[in-house]
Amino acid sequence: MDIVVRHGDSLSYYSQLFEIHYQLIIDSNPGIQPERLSIGERIRIPGYESGEYQIKQTDSFWAIAEKINVPLDALLLMNPDINPNRLQAGQMIIVPQRITQRIVQGKQNYDYNVLKRDMRRLQAIYPFIQSAPIGKTVLGNDIPEMTVGNGVKRIHYNGSFHANEWITTAVIMTFLNDYLLSLTNQTPIRGIETLKIYYDTSLSIVPMVNPDGVNLVLNGPPEAWKNRVIELNHGSLDFSGWKANIRGIDLNDQFPAKWEEERARNPIVPGPRDYGGEKPLTEPEAISMAELTRRRDFSRVLAFHTQGEEIYWGFEHLEPPEAETIVREFGRVSGYEPVRIIESYAGYKDWFIQEWRRPGFTIELGSGTNPLPIAQFDKIYQDALGICLAGLYL
Ligand SMILES: [Zn+2]
């Protein structure tokens, strides 16, 4: 929601008027000088949308403010061209509407278009989200990243490395939405005060590493790729078992961390899953993730997958001791089983642990056969929520 600065206004006054934390307003208006607002300047207020209200007989601004529970001055601020002493029945005025409900509906086939639409909506309401593509997929789709907070702990969450594990995108986006609601409304989540998290951390989210693959699983092949992907899929039109990118390369087998050993146990030709490519980091999606990770120097990464209700936290004993402390808490809040050693290599978290010796986790959400039925969403989200929070507060 935008407002226009009047004589004598300040950001701290807006913070009080709308009951939105000062720093969130600052971060929603990059480039402004907080101590020197100019009259007529537009300021974005996060956590609100502007709505309309139709004036009735005998209405006054004061009565409307009482009725819709907003301060009188918020109405004056938002309707600078209306004379409150000359209201006319039928006239429309603008009113601030605090957002208290989720935009993201996780319980649906969460494809790339749904993701993009939800991102646009969230960025409009919460302009303190920073967002930019980290690269493009094989089909030329942007791979988006969103960042929340400017704290020193640089934490990264990603989802849908594997195409048929797209429910992880729905989970991460729902968590992001809950975090944003909690920040603007100052409502704790499971007793956790999130404004402290906002100051302490910067949360980087890549909700869908593999958009081409997700769309293939959910919507079928794009026309130009139809013959090729059906061939890679062994002649089948059922893509529910597809994990790879559109070229049949498994993005979570693409990282230079014992890549040769992973190759030795896997298929040696492209296909729906487990083929790691001709060499590490050949695929644009994997390269984008590697470049992002090098550039940002993350303190900690959580890669969300399905399924198994397990959390993988080790790689070749290179993980730091604090990884064990963190995974214990993840296990406690979710009921999931921490697993240190598995016979699998060349994954994103393996490479992260190997290169940085910092905590990296693969979280296998839910249980059943991939793709997990969306009917399980609520249960999976409740398990994941504790992990998503602990990933930030620990
Ligand atoms: Zn996976």
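Two strands are taken to pair if DSSP finds at least two bridges between them. Helices (H or I, at least four residues) and strands (E, at least two) are DSSP runs, numbered from the N terminus. The model is predicted, so local features need pLDDT of at least 70 and side-chain atom pairs count only at pLDDT 80 or more, while totals for chains, interfaces and linings use all residues. Residues are numbered from 1 along each chain as its sequence is written, and side-chain values use heavy atoms, with hydrogens and water left out.

Strands of a sheet pair through backbone hydrogen bonds, either parallel or antiparallel. In this model, eight strands form an open sheet with mixed pairing, in the order β5-β6-β8-β7-β9-β12-β10-β11. Its edge strands, each pairing on one side only, are β5 (130–136) and β11 (337–339). From one strand to the next the twist averages 20°. Axes here are lines fitted to C-alpha atoms, for helices over the stretch in contact, and angles run from 0 to 180 degrees between N-to-C directions.

Strand β9 (residues 300–306) runs parallel to β12 and is joined to it by six bridges. Phenylalanine 304 has isoleucine 363 as its bridge partner in β12. Strand β10 (residues 310–312) runs antiparallel to β12, with three bridges between them, and tyrosine 312 stands opposite threonine 362 in β12. Six of the six residues of strand β12 (residues 360–365) are buried (under 20% relative accessible area, against over 50% for exposed and partly exposed in between; 1.4 Å probe, protein chains only). Strand β12 is therefore largely enclosed by the rest of the structure. Gly360, Thr362 and Glu364 point one way from β12, and Phe361, Ile363 and Leu365 point the other way. Elsewhere in the sheet, strand β6 (residues 142–148) and strand β8 (residues 201–206) pair in the antiparallel sense over three bridges. The bridge partner of valine 148 in β8 is leucine 203.

Helix α11 (residues 284–296) packs on the sheet, where it touches β5, β6, β7 (153–158) and β8 (contact means heavy atoms within 4.5 Å). The direction of α11 makes about 135° with that of β5. Helix α13 (residues 348–356) lies across β7, β9, β10 and β12 and runs at about 160° to β12. The axes of α11 and α13 come within 12 Å and cross at roughly 30°. The two helices are therefore roughly parallel to each other (under 35 degrees; over 145 is roughly antiparallel, 65 to 115 roughly perpendicular and the rest oblique). Met289, Ala290, Thr293 and Arg294 of α11 make the contact with Tyr348, Trp351, Phe352 and Trp356 of α13.

Helix α6 (residues 167–185) packs with helix α5 (residues 112–125) at an angle of about 10°, the axes being 12 Å apart. This makes α5 roughly parallel to α6. Leu115, Asp118, Met119 and Leu122 in α5 meet Thr169, Met173, Leu176, Asn177 and Leu180 in α6. With helix α14 (residues 377–393), α6 packs at an angle of about 60°, with axes 10 Å apart, which makes α6 oblique to α14. The α6 residues in this contact are Ile167, Ala170, Val171, Thr174, Phe175 and Asp178, and those of α14 include Phe377, Tyr381 and Leu392.
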